[in-house]
Amino acid sequence: MFGFFTITLSITRIKTVFLQIEPNFKCEFGKNISIGDVIYINFGCIILDCVNITIGCHISNEPNFALYAAKYSIYPEERIVGGYYGKLITIEDNVWIGVTIDEGIVIGVGSVVTKNIPSRVVTAGNPCKIIRKITEKDKSRYLESLKHELKYYNLI
């Protein structure tokens, strides 16, 4: 077939896995991704798997779908300079993922995203709704502590 490849594997003769990955699939490590029985990964998928990402059975997604286990501070300027950590991602069975989630947002754990979400907002719920905009009040003291460390090491 043109433009994609299909992998069918038998694992310990108990389970058959069907994995179809379209071109331009990228992942950070790969070793932290666990998949279910039948998975379709659409064009341009990116998975940053700095920690475990579990994808259930019978999963499909829109082109340019991405899973980012990497997490940062809510405030965008703090995210730019650090505050990085990993958070586990689990996608249960029989899921179709097909919405646009814009830049600079936060989605609460357990949210069900049913429509596109605009930039720089905090959202949560089932269905996922905008709670508020991200503002200057969301700043923590992270940038201040970073400036102190940079001065300590004579970097500024």
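**Exercise 1.** Find how many helices and strands the chain has.

*Solution.* Begin with the terms: helices (H or I, at least four residues) and strands (E, at least two) are DSSP runs, numbered from the N terminus. By that count, the chain holds 2 helices and 16 strands. Please keep in mind that this is a predicted model, where local features need pLDDT of at least 70, side-chain atom pairs count only at pLDDT 80 or more, and totals for chains, interfaces and linings use all residues. Residues are numbered from 1 along each chain as its sequence is written, and side-chain values use heavy atoms, with hydrogens and water left out.

**Exercise 2.** Work out the strand order of the open sheet of 3 strands.

*Solution.* Two strands pair if DSSP finds at least two bridges between them. The order is β3-β6-β9, with parallel pairing. At the edges lie β3 (26-27) and β9 (66-68), each pairing on one side only. Next, look at β6 (residues 46-48): 3 bridges link it to β9 in the parallel sense. Within this pair, Ile46 faces Ala66 of β9.

**Exercise 3.** Describe how β15 pairs with β14 and with β16.

*Solution.* Take β14 (residues 106-107) to start: it runs parallel to β15 (residues 121-124), joined by 2 bridges. Here Ile107 has Thr123 as its bridge partner. Then turn to β16 (residues 129-133), which is antiparallel to β15 and joined to it by 4 bridges. Val122 stands opposite Arg132 of β16. Finally, the hairpin of β15 and β16 has 4 residues between the strands, and Gly125 takes a positive phi near 115° there.
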